Amino acid sequence: MKKKFEFEFEYLEEVHLLSSADAALLEAAKKATQTAFAPYSKFKVGAAALLSNGNIVIGSNQESASYPVGICAERALLNSIGSQYPNESILSMAISYSTDKAACNEPISPCGMCRQSLLDFENRYQAPIKIILAGKSGPIMLLDTAKDLLPFGFDGSILK
Ligand code: THU
C-alpha cells in the first residue's frame, strides 16, 4: 500500500494581499533582522510572533565564534517566549531575512531544528502556529500550522 502526504499553503504575490495583522507581524520580523548578530554568515534572520495576549515578540539569529553554538532567529524567539510568557500560546510567527549576498525577494523557510522546536511549541500549547514566510520583497507563503513543515515529526507522545 502506498500513502501520500500533502498539504496546502497560501502563496501571495503581493504584500498588500495580507491581512493587516499578518502584514504588521511581517513588518516586525523584517525590522527584527536589524537585531541579528551574524558577523560570520552575514545572513540576518528576523522572526516575530503574535501571542494569545496580543503581544508581538521578536527574535533574531545570534551567531557564535564557535559556529554550532549560534542560534537561529526562530528558536531564539521560541525560547524567549517560553521563558517570558510561559502561559501564552503562539498564534502566528512571521520570518524574514536580509543579506547583501542575495536579492531577498523569495521566502526562506525554517531549518530542521527550528521545525522541531515549532512543533514542540504547538504541542506544548495544543494550538497551531500560523507561519508567514517572506523576504524583504516578493511573494509570501502562509502555512496554517508549523506541523506541515515537519511531516512525521517526533512529537514526544511515546515518551509519556
Ligand atoms: N538561520 C536562521 O536564523 N533561521 C533560518 O530559518 C535559517 C538560518 C540563521 C542561522 C545562521 O546564523 C544564518 O542564518 C546562516 O545559516
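Modeller: A residue is near a molecule or strand if one of its heavy atoms lies within 4 Å of it. This is a predicted model, in which local features need pLDDT of at least 70, side-chain atom pairs count only at pLDDT 80 or more, and totals for chains, interfaces and linings use all residues. Residues are numbered from 1 along each chain as its sequence is written, and side-chain values use heavy atoms, with hydrogens and water left out.

Biologist: Which polar side-chain atom lies 2.6 Å from an oxygen atom of the ligand?

Modeller: The residues around the ligand include Asn61, Ala73 and Glu74. A polar contact is a pair of N or O atoms within 3.5 Å; within protein, one must be able to donate a hydrogen and the other to accept it, and residues adjacent in sequence count only if both atoms are side-chain atoms. Asn61 places a polar side-chain atom 3.0 Å from a ligand oxygen, while Ala73 uses a backbone N or O atom at 2.9 Å. The polar side-chain atom at 2.6 Å belongs to Glu74.

Biologist: What do the buried residues of helix H2 pack against?

Modeller: Helices (H or I, at least four residues) and strands (E, at least two) are DSSP runs, numbered from the N terminus. Buried means under 20% relative accessible area, exposed over 50%, and partly exposed in between (1.4 Å probe, protein chains only). Among the buried residues of H2 are Ala73, Glu74 and Leu77. With contact meaning heavy atoms within 4.5 Å, the buried residues of H2 pack against S2, S3, S4 and helix H3.

Biologist: Why is strand S2 described as largely enclosed?

Modeller: Strand S2 covers residues 44–51. It is largely enclosed by the rest of the structure because the number of its 8 residues that are buried is 6.

Biologist: How many residues apart in sequence are the parts tied together by Asp22 and Lys130?

Modeller: A salt bridge is a side-chain nitrogen of Lys or Arg within 4 Å of a carboxyl oxygen of Asp or Glu. The side chains of Asp22 and Lys130 meet in one at 2.6 Å, N to O. Asp22 lies in helix H1 and Lys130 in strand S5, so the separation of the parts they tie together is 108 residues.
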